[in-house]
Amino acid sequence: MQMPGDQPFLARATTLAADIITDNRKSLKPLNNTVPGRIRPKGEASLHTVVETHLVTRLSFKLSSYLRLGYHWITRLLALCIYAMLLMPGFLQVAFYYFFSPQVHRNVVYGNKPRNRVDIYLPTPRSSRSSPKPVVAFVTGGAWIIGYKAWGSLLGRQLSERDIIVACIDYRNFPQGTISDMVEDVSQGISFICNHITEYGGDPNRIYLMGQSAGAHISACALVKQAIKESRREKVSWSISRIKAYFGLSGGYNLPSLVDHFHDRGLYRSVFLSIMEGEERLESFSPDIMTQDLSSRKAVCLLPPVILFHGIEDWSVPSDASKAFVDTLHGVGAQAELILYKGKTHLDLFLHDPLRGGKDELFDYLVEFIHSNNKEALAMDAIAPPRRRLIPEFLIKLARRISPF
């Protein structure tokens, strides 16, 4: 359904986005002369942080200039600020680990584009065994606009405590890039992990791809497009056979069916279509639709097992999105599973439950699945101490009530 005034707005948004992307590519060119796999020295890393902060600030002002921030956006921004303040005790503990733990290798370069960085979380010495470790390549969410690799630090911390390496892939967000840039970045990040994770003690034959929210959509696009390339015998830099399974958390996989829903939730149709490069491109970046294409049937058999997780009370991305994708995969003969969680919202599975500590159904499932063929690891998991609570329950309950997601 076309919204009033969308066309002029879309034209302005698309034009401005193109100008911003061109401007950023020029301004960041000197920083892109980097060697994949290299960790920045402290001085250079500090400079990079300053430049990235300046870039993000400038992009935010430019983005807000054509979002025409009104009451709806202002109230959501206010809710987000209060939400973050309520969870700050937990965030600070995770941030301290992220910035000061020797087990976290931050800002490892994987490509020559802006934000082509990956954070690698290594198992703690007391939990580590000598054999190569399984790896989770993780893509964070953020509505294609505010995604950042550090959002995966809590997952990285907790999985690394169970002898699993986690690599959080950063990627260009809108308006620094559009969906094709995001998918390209993530695919290149996966390629880096497949080809270089042995340098960090990882097993290149036990890599699991995982994405959350927008990150689930982007990583699913990268996975399906890779399968299509391989089925057509195109030149590739990584093999889909390296991916043992795909975990999609609270994602949307059929974009045409979600446009109006996102508009009602505050991600306006005009902005969303600018991110996705126009309405005519929606199907090209919808894994649900891509796998139904008869020309892609050879690619489907190359896909790894797909396991989707979704909270039934998720209003940001309805759980029907995951159900529809699993039904499609079953219809074309792919191996897929859907796990629904009653009473869970968009951020419960990824953030609130891990902050609570203790038993966590999703976390326990991931660890058991990844270690399923390793009896020693399963035995260690069975006697592992419960995860520590990072924040009081009443703060989590208050944050859930005010969350804009």
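Visitor: What share of the residues in the chain is buried?

Guide: This is a predicted model. Buried residues make up 55% of its 405 residues. The chain has 16 helices and 8 strands. Of the contacts with a separation of 6 or more, 78% join residues 24 or more positions apart.

Visitor: What is the strand order in the open sheet?

Guide: The order is β1-β2-β4-β3-β5-β6-β7-β8, and the pairing is mixed.

Visitor: What makes β1 and β8 the edge strands?

Guide: β1 (104-109) and β8 (336-341) each pair on one side only. From one strand to the next, the twist averages 20°.

Visitor: Which helix packs on the sheet, touching β1 and β2?

Guide: Helix α4 (residues 88-100) does. The direction of α4 makes about 65° with that of β1.

Visitor: How do you know that β5 and β6 pair?

Guide: Pairing takes at least two bridges. Strand β5 (residues 202-212) and strand β6 (residues 243-249) are joined by 6 bridges, and they run parallel. L209 stands opposite Y246 in β6. G211 has G248 of β6 as its bridge partner.

Visitor: What makes β6 mostly covered?

Guide: Buried means under 20% relative accessible area. In β6, 6 of its 7 residues are buried.

Visitor: Why are α4 and α5 called roughly perpendicular?

Guide: The label takes an angle of 65 to 115 degrees. α4 and helix α5 (residues 153-160) pack at about 70°, with axes 9 Å apart. The two helices are therefore roughly perpendicular to each other.

Visitor: Which residues meet where α4 packs with α5?

Guide: From α4 come Q93, V94, Y97 and Y98. From α5 come S153, L154, G156, R157 and S160. These contact residues divide into 4 nonpolar, 4 polar and 1 charged.

Visitor: How many aromatic pairs does the count come to?

Guide: The count comes to 16 aromatic pairs. A pair of aromatic rings is described by the distance of the centres and the angle of the planes.

Visitor: Why is the pair of Y83 and F405 called edge-to-face?

Guide: Centres must lie within 6.5 Å, and planes over 60 degrees apart count as edge-to-face. Y83 and F405 are 6.2 Å centre to centre, with 75° between the planes. The pair is edge-to-face. Y83 is in helix α3 (residues 71-86) and F405 in the segment after α16 (393-402), 322 residues apart.

Visitor: Why is Y83 called buried, and why is F405 called partly exposed?

Guide: The cut-offs are under 20% for buried and over 50% for exposed, with partly exposed in between. Y83 has 3% relative accessibility, so Y83 counts as buried. F405 has a relative accessible area of 36%, so F405 is partly exposed.

Visitor: What makes the pair of Y208 and F247 stacked?

Guide: Stacked takes planes under 30 degrees apart. Y208 and F247 have 5° between the planes and are 6.0 Å centre to centre. Y208 lies in strand β5 and F247 in strand β6, so this pair ties together parts that are 39 residues apart in sequence.

Visitor: Are Y208 and F247 buried or exposed?

Guide: Y208 is buried, and F247 is buried too.

Visitor: Which residues do ring pairs link into a cluster?

Guide: The cluster holds Y208, F247, F309, Y365 and F369.

Definitions and conventions. Residues numbered from 1 in each chain as written. Predicted model: local features only at pLDDT ≥ 70, side-chain atom pairs only at ≥ 80, totals over all residues. Heavy atoms only, no water. Helix = DSSP H or I, 4+ residues; strand = E, 2+ residues; numbered from the N terminus. Axes fitted to C-alpha atoms, helices over the stretch in contact; angles between N-to-C directions. Contact = heavy atoms within 4.5 Å. Parallel < 35°, antiparallel > 145°, perpendicular 65-115°, else oblique. Nonpolar A, V, L, I, M, F, W, Y, C, P; charged D, E, K, R; others polar. Buried < 20%, exposed > 50% of the residue type's maximum accessible area, 1.4 Å probe, protein only.
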